[in-house]
Amino acid sequence: MHPQAPPPRQLFMRRPDLDGLPALALPPGCEVREAMPADEAGLARVLARAFQTEWTVDRVRRDLTRAPDVAAVYIATREGEPAATASARRIPERYPGSGYLHWVASDPAARGLGLGAAVVVRALERFREEGCRDSVLETDDPRLPAIRLYLRLGYVPEHADPSHPERWDVVLRSLGPPWDGQG
């Protein structure tokens with residue numbers, strides 16, 4: 001029996017600095033703020049809808065709101081209900097001096113409102129406030145809308161795995177101009 005090769009690493013991106021963060025206008029009835037314990041059930045709903053996987057309040061607490069390496073969990077609310085989230089995480093042993101953008105999600109019913117961008121920018125502001133020099137993230141190849149957002153917000157692909165050059169080529173071609181090198 002041959003040992004099975006480990007799965008390839010997620011795609012890796014870096015925003016090389018935290019300068020020039022955009023000011024984003026939110027639609028009426030929406031706000032961005034740091035999540036509170038009362039938001040945990042809403043966060044679980046947003047994450048479950050966005051990723052189509054099971055998220056419970058216990059998982060939100062374990063992986064986000066009570067995780068020792070997560071500095072802050074941000075939510076964008078729409079009419080008072082959580083609609084998007086992004087977390088500011090620090091992993092200094094892997095990414096010294098970098099902020100790690102973690103679990104970015106938007107409820108499909110709220111997509112197109114700019115709420116995902118708003119929570120990402122708030123996490124980036126947090127990294128800047130903490131003195132980080134840049135921000136990194138990992139994502140999956142099929143998450144094209146998220147990758148488009150990250151590119152628009154100044155993240156650039158990096159090759160952190162031998163499979164990445166080819167995978168990034170496929171992803172960027174799938175996104176079309178201006179990211180496919182043709183426009």
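**Ground rules.** I am working on a predicted model, where local features need pLDDT of at least 70, side-chain atom pairs count only at pLDDT 80 or more, and totals for chains, interfaces and linings use all residues. Residues are numbered from 1 along each chain as its sequence is written, and side-chain values use heavy atoms, with hydrogens and water left out.

Entry 1: Two or more lining residues come from each of α1 (40–51), β5 (98–106), α3 (115–129), β6 (134–139) and α4 (144–152). I number helices (H or I, at least four residues) and strands (E, at least two) from the N terminus, as DSSP runs. β5 gives the largest share, seven residues. By class I count 15 nonpolar, eight polar and seven charged residues in this lining; nonpolar covers Ala, Val, Leu, Ile, Met, Phe, Trp, Tyr, Cys and Pro, charged covers Asp, Glu, Lys and Arg, and the others, Gly among them, are polar.

**Entry 2: α3 on α4.** Next I checked two helices from that lining. The axes of α3 and α4 come within 11 Å and cross at roughly 50°; axes are lines fitted to C-alpha atoms, for helices over the stretch in contact, and angles run from 0 to 180 degrees between N-to-C directions. The two helices are therefore oblique to each other (under 35 degrees is roughly parallel, over 145 roughly antiparallel, 65 to 115 roughly perpendicular, and the rest oblique). On the α3 side I see Gly116, Ala117 and Val120 meeting Leu149, Tyr150 and Arg152 of α4, where contact means heavy atoms within 4.5 Å. That contact has four nonpolar, one polar and one charged residues.

**Entry 3: α4 on α5.** I then followed α4 to helix α5 (residues 164–175); their axes come within 10 Å and cross at roughly 90°. That makes α4 roughly perpendicular to α5. Leu144, Ile147, Arg148 and Leu151 of α4 touch Trp168, Val171, Leu172, Ser174 and Leu175 of α5. I find seven nonpolar, one polar and one charged residues in this contact.

**Entry 4: α1 on α2.** α1 packs on helix α2 (residues 57–65) at about 90°, with the axes 9 Å apart. Here Glu40, Ala41, Leu43, Ala44 and Leu47 of α1 meet Val57, Val60, Arg61, Leu64 and Thr65 of α2. The tally is seven nonpolar, one polar and two charged.

**Entry 5: the backbone.** Most residues other than glycine have a negative phi, and most peptide bonds are trans. Glutamate 79 has a positive phi, near 55°, and sits in the loop between β3 (70–78) and β4 (81–89). I also noted a cis peptide bond joining proline 177 and proline 178, with omega about 0°. Proline 178 is in the segment after α5.
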